[in-house]
Amino acid sequence: MPSVMGLLEERERAARQRVEALQAELREAGAVSERFVIARETVGEVLAEPRGGEDVAPVVVAGERPVQVR
């Protein structure tokens, strides 16, 4: 029968592995989110560009931060 200390060490090791896995998932989610923000800003910039000499108002979506047009 395993000792109490052995069981605690096993649980601690499992918890550390889970924390490491969650941290890796969080880093990946952050990277995906950053790519999404960049893509959304790029689309906003493209949609805000004048077409064929026309003056086109920039696209603004409620609840979103404004897109800086360069």
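I started with Glu-28, which is partly exposed, with a relative accessible area of 46%. My cut-offs: buried is under 20% relative accessible area, exposed is over 50%, and partly exposed lies in between, using a 1.4 Å probe and protein chains only. The model is predicted; I took local features at pLDDT of at least 70 and side-chain atom pairs only at pLDDT 80 or more, while totals for chains, interfaces and linings use all residues. Residues are numbered from 1 along each chain as its sequence is written, and side-chain values use heavy atoms, with hydrogens and water left out.

**Salt bridges**

What does Glu-28 form a salt bridge with? I found Arg-35, with the closest N and O atoms 3.8 Å apart. I count a salt bridge when a side-chain nitrogen of Lys or Arg is within 4 Å of a carboxyl oxygen of Asp or Glu. I searched the whole structure and got two salt bridges. Arg-16 forms one with Glu-12, where the closest N and O atoms are 2.6 Å apart. Both Arg-16 and Glu-12 sit in helix α1, four residues apart, or about one turn of the helix. I then checked their cover. Arg-16 is exposed at 51% relative accessible area. Glu-12 is partly exposed at 39%.

**Fold**

How many helices and strands does the chain have? I noted one helix and zero strands. Helices (H or I, at least four residues) and strands (E, at least two) are DSSP runs, numbered from the N terminus. Helix α1 covers residues 4-48, and Leu-8 is found in it.

**Surface**

I looked up Leu-8 next: it is partly exposed because its relative accessibility is 49%. Areas come from the Shrake-Rupley method with a 1.4 Å probe; for residues, only the protein chains shown count as cover. For the chain, I noted an accessible surface of about 6400 Å², 59% of which belongs to carbon and sulfur atoms. Of its 70 residues, 3% count as buried.
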